[in-house]
Amino acid sequence: MNSYSTAVSLLQKQIFQKINLRLERVKALLELFGNPQDKLKIIHVAGTNGKGSICSMLSSVLTEAGYKTGLYNSPHLIEYTERIKINGKDISQDDFAVLINQVIKTA
């Protein structure tokens, strides 16, 4: 099994475990990634319907305007890598595997 397949398998196993959303765990994860929330300009879209469409449109417009964009969307259609995009391009399977392994080690 390649590292992407292993990462997906690990991720899917997490779904069936009890989720603990303590703030300390979130802080530790953010620290692992260098506290990106302190360095990024973020548009947070909330609501019941249409979030995926609105976020995809915003990302596309901002990318075309010359901004570097990151987009997280869930669920995915075919591959988990569809969930994370930089400038409209899916994260690579290798990068996805590395990040998932880092997150699971911290959790």
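This is a predicted model: local features need pLDDT of at least 70, side-chain atom pairs count only at pLDDT 80 or more; totals for chains, interfaces and linings use all residues.
Within α4, the residues Phe96, Ala97 and Ile100 are buried. These residues lie on the same side of α4, because they cover an arc of only 100° around the axis. Asp94 and Lys105, by contrast, are exposed and are found on the other side of α4.

The strands form an open sheet. Three strands are arranged in the order β1-β2-β3, and their pairing is antiparallel. The edges of this sheet are formed by β1 (70-72) and β3 (89-90), each of which pairs on one side only. In general, the strands of a sheet pair through backbone hydrogen bonds. Strand β2, which spans residues 84-86, is joined to β3 by two bridges in the antiparallel sense. Ile86 has Lys89 of β3 as its bridge partner.

A contact between charged side chains was also examined. The structure contains one salt bridge, in which the side chains of Lys85 and Asp90 meet at 2.3 Å, N to O. Since buried residues have under 20% relative accessible area and exposed residues over 50%, Lys85, with 22%, is partly exposed. Asp90 is likewise partly exposed, with a relative accessible area of 37%.

Terms used
Residues are numbered from 1 along each chain as its sequence is written. Side-chain values use heavy atoms; hydrogens and water are left out. Buried means under 20% relative accessible area, exposed over 50%, partly exposed in between (1.4 Å probe, protein chains only). Helices (H or I, at least four residues) and strands (E, at least two) are DSSP runs, numbered from the N terminus. The arc is that of the directions from the helix axis to the C-beta atoms. A salt bridge is a side-chain nitrogen of Lys or Arg within 4 Å of a carboxyl oxygen of Asp or Glu. Two strands pair if DSSP finds at least two bridges between them.
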